[in-house]
Amino acid sequence: MPSPRSTGGHRTPRGPHAPRVMAPDLPARFDGDADLAPRADLIGVRLRATGDVVSDAHGRIAESRLDEASVTRLDLTGATLVDVAITGVRAAELVCRDGAWLEPRQAELHAVAFAEALGIGMTA
């Protein structure tokens, strides 16, 4: 009788698996455009990052998209981001203390992709 880990005579691989890359759950149509601002509570919008220093400190953003922005400082201190697509964003400084973007395991798996989306080079 094969052991519970048996796969027909083949050994199951051990060790960590590559993270699954899952697209954010975005609406088919957005409800409009909105600027990032401190304590903003936004859902289902196309986000704009206007100005040199942009802040959404302590805000809540869900099911939204931020594309093509170039800022000196992006402040997401204490912000909660759920199902937010971020592409083409360049930030010289990213501040995100005490934020809640994904549950901790998901955040760890997606940290490199997120940094690269913001234009932050990652080195080993």
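Let me start with a term: on a 1 Å grid over the protein atoms alone, a cavity is a set of points where a 1.4 Å probe fits but cannot get out. Its volume is the space filled by probe spheres set on the points, with grid points joined across faces, edges and corners.

Now the ground rules. This is a predicted model: local features need pLDDT of at least 70, side-chain atom pairs count only at pLDDT 80 or more, and totals for chains, interfaces and linings use all residues. Residues are numbered from 1 along each chain as its sequence is written, and side-chain values use heavy atoms, with hydrogens and water left out.

Cavity first. How many cavities of 30 Å³ or more are there? One. The largest cavity has a volume of about 50 Å³. Who lines it? A lining residue has an atom within 4 Å of a point. The lining residues are Leu36, Leu47, Ile61, Leu66, Leu74, Leu76, Leu81, Val84 and Ile86. Strand S5 (60–75) and strand S6 (80–95) are the elements that give two or more residues to this lining. Strands here are DSSP runs of E, at least two residues, numbered from the N terminus. By class, the lining has nine nonpolar residues, no polar and no charged ones. For the classes, Ala, Val, Leu, Ile, Met, Phe, Trp, Tyr, Cys and Pro count as nonpolar, Asp, Glu, Lys and Arg as charged, and the others, Gly among them, as polar.

Next, the strands. Two strands pair if DSSP finds at least two bridges between them. Which strands pair with S5? S6 is one of them: S5 and S6 run parallel over 13 bridges. There, Val71 stands opposite Ala91 in S6. S2 also pairs with S5 in the parallel sense, over three bridges, and Asp41 faces Arg60 in S5. S3 and S5 are parallel too, joined by two bridges. Arg46 has Arg65 in S5 as its bridge partner. Strand S4 (residues 53–55) pairs with S5 in the parallel sense over three bridges, with Val54 opposite Leu74.

Now a glycine. Gly44 sits in the loop between strand S2 (41–43) and strand S3 (46–48). Is Gly44 buried or exposed? Buried, at a relative accessible area of 7%. The cut-offs: buried is under 20% relative accessible area, exposed is over 50%, partly exposed is in between, using a 1.4 Å probe and protein chains only. What does Gly44 touch? Leaving out residues up to four places away in sequence, it contacts Pro27, Phe30, Asp31, Gly32, Ala62, Glu63 and Ser64. Contact means heavy atoms within 4.5 Å.

Last topic, charges. A salt bridge is a side-chain nitrogen of Lys or Arg within 4 Å of a carboxyl oxygen of Asp or Glu. The structure holds six salt bridges. One of them joins Arg48 and Asp33, 3.8 Å from N to O. That pair links distant parts of the chain, Arg48 in strand S3 and Asp33 in strand S1 (residues 33–35), 15 residues apart. Arg48 is partly exposed at 35%, and Asp33 is partly exposed at 42%. A network of salt bridges links Asp33, Asp35, Arg46 and Arg48.

Another salt bridge joins Glu93 and Arg73, 3.0 Å from N to O. Glu93 is in strand S6 and Arg73 in strand S5, 20 residues apart. Arg65 and Asp67 also meet in a salt bridge, at 2.7 Å, N to O.

Key. 1 Å grid on protein atoms, 1.4 Å probe; cavity = no way out; pocket = protein on both sides within 12 Å on 5 of 7 lines; lining within 4 Å. Helix = DSSP H or I, 4+ residues; strand = E, 2+ residues; numbered from the N terminus.
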